[in-house]
Amino acid sequence: MAAINLISGEHLSKTYGDRFLFNDLNFGISQGEKVALVGKNGAGKSTLLKILAKITTPDKGEVSLRQGVRVGYLAQDPDLPENKTIWEAIVQADSPTITAIRNYEDSILPENIEDAERMEKAMNEMERLDAWAYDAKIKEVTSKLGLEDTEKSISKLSGGQKKRVALAKLLLDEPDLWLLDEPTNHLDLATIEWLENYWASSNTTLLLITHDRYFLDKICNRIFELDNGHIYRYEANYGQFLELKSERIAQAHTEADKAHQLMKKELDWIRRQPKARGTKAKYRVEAFDGIKEKASNRPEGNNMNIEFGAKRQGKKIIELHDVSFDFQSERGTQKILNQFNYKFVRGERIGIIGKNGAGKSTFLSLLTGALEPTKGHIEKGENTHFGYYTQMPPSFDDSMRVIEVIQQIGEMATVSEGHQVSASQLLTQFNFPPAQQYKNVGTLSGGEKRRLQLLQILIKMPNFLILDEPTNDLDLQTLSVLEEFLSNYGGCLILVSHDRYFLDNLVEHLFVFEGEGKIRDFNGNYTDFREEETEKLKEAQNKPSNKNAHSIAPVKTNFSNKLSFKEKQELEQTEKEIEKLTEQKEELVKLMNSGETDYDKISKWSAEMEIIVNSLDEKEMRWLELSERE
């Protein structure tokens, strides 16, 4: 049976100002396909996504959407109504299901608990619409995305929180086609892994822009590359894509070289001919234009180059002595650090992980002196020079020329001992060609501005480099070069990142922010940490007291097509548990419809219903994953 095409781009072309993005793109996405859209910053990836979402209009061409297909679009910086609460932003307020949930919640308030008729009516409506499951899903999604306070106003949220609100809305809407622009930005690692498993185990159709290589490999089964105004399709994971791309570029260079030689011969022939030509001669002249175009179609390789050294470090780097820090928030006193002691040594490479709000960025501000500890003190060595790449977007003057941003630091820069280069040469090494250097900063894409921000920091040759979510908004090509530079970097490195690939390749140990001021120093990279956590979980599940408890096997990155003996047992066990949970749900529904007016009992039953529905969803998803491979 042929795959059903959900959306097509036909002859799409777009320019931005005087900048050419892409021309005559043709492609389609079929139901169930999960496609990654990759390409360097400024290639037009976000613009193409907006065109498909009907937010931006192409200069030429059109988008064809299959009738009845619902499209969900997640922007890099979502525009949400400031006058609404999180709840109002994520749910369709006038839908029957939401109305039923609101009516039920009102009916069990202490002041309404004695109105048995109202409560019974509300519970019957919840059952009729299967609203128990949807209510549980709202709680699960908001909890996973750190949005528990759903009455909070959108106007009080940070940019990252707004992104999570927009993502929560899509997860609840469950569109037929998801268009996602950097969905993992501003999410912690636990949430990313939850999303990864959700999308990998479902039959959703996705087109997403992401720099997260593990995320891409786990979810996507196709790659679209936007390069030099053209789109290239690959049935491959990320590693295979790199190999195929390398072959494509090599082939294109060979063809361009052959066309160039033929063009030279044709040019000599044209110059020798008299002005009056016959039909054959005219045909040959017209064909020359095609040869010329092919000869000039030489793909750009990865020309970015980072060669900066680091200033010499002294004996003392940074020392933290009994450092504590807390602050007052809406939730009361929050403790970020509690009597933390640490001495940094030369060349140390530390990754920082933890839930959003655990204090990772605050810790960095303490290190750099932007914040003072509540208690204790921090000693910085005289020869310690920070380079701090923050999460905050760069505050460039958009009217300045690109080259002027670097010239403010200096016309010439020392990149290593005895080696100086000009501002223009530096920009060229950072993939800002001379023609772009004299354009206004306002013409740059978000990713290009972040690349310029990185250059601003590295040009000062810091010996203590702090990178707070450096993978946000940078393309895969830039990340690859940055990763190579950092692997050879001689100074201290602190890396806060939700990119597991980045953490695995660059850090030697982790500061794990566990909350309530606790920081655990873990010796190893992120994969080592996850393996240890998984082993702890297995040990806890295999204790005698829990021997009858069912354990859901962790989702593997690469699994065989056939079920193992253990997985077959798990499938049978999961079927039994689904049946048992369904019976428990039905019993609870009967109790809740019994006319009981005791508020405590109803609250207890409601909480039990939420747990059962969550467990059912989880086990049904696992059953579906296993049964598809049976």
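Modeller: Start with Lys360. Leaving aside neighbours within four places in sequence, Lys360 is in contact with Ile352, Ile353, Gly354, Lys355, Val496 and Phe513. Keep in mind that this is a predicted model.

Biologist: Which helix is Lys360 found in?
Modeller: Lys360 is found in helix H11, residues 360-368.

Biologist: What is the nearest side chain of opposite charge to Lys360, and how far away is it?
Modeller: That is Glu469, 6.2 Å away. Lys360 is buried and has no salt bridge.

Biologist: New topic. Is Asp521 buried or partly exposed?
Modeller: Asp521 counts as partly exposed, because its relative accessibility is 44%. Asp521 lies in strand E20, residues 518-523.

Biologist: Which residues is Asp521 in contact with, leaving aside neighbours within four places in sequence?
Modeller: Tyr342, His509, Leu510 and Phe511. As for Gly351, its C-alpha atom is 9.9 Å from that of Asp521, and the two residues are 170 apart along the chain.

Biologist: How do strands E8 and E9 run?
Modeller: Antiparallel, with 5 bridges joining E8 (residues 222-227) to E9 (residues 230-234). Leu226 has Ile231 in E9 as its bridge partner. The hairpin has 2 residues between the strands, and Asn228 takes a positive phi near 55° there.

Methods: Residues are numbered from 1 along each chain as its sequence is written. This is a predicted model: local features need pLDDT of at least 70, side-chain atom pairs count only at pLDDT 80 or more; totals for chains, interfaces and linings use all residues. Side-chain values use heavy atoms; hydrogens and water are left out. Helices (H or I, at least four residues) and strands (E, at least two) are DSSP runs, numbered from the N terminus. Buried means under 20% relative accessible area, exposed over 50%, partly exposed in between (1.4 Å probe, protein chains only). Lys and Arg count as positive and Asp and Glu as negative; His and the chain ends are not counted. A salt bridge is a side-chain nitrogen of Lys or Arg within 4 Å of a carboxyl oxygen of Asp or Glu. Contact means heavy atoms within 4.5 Å. Two strands pair if DSSP finds at least two bridges between them.
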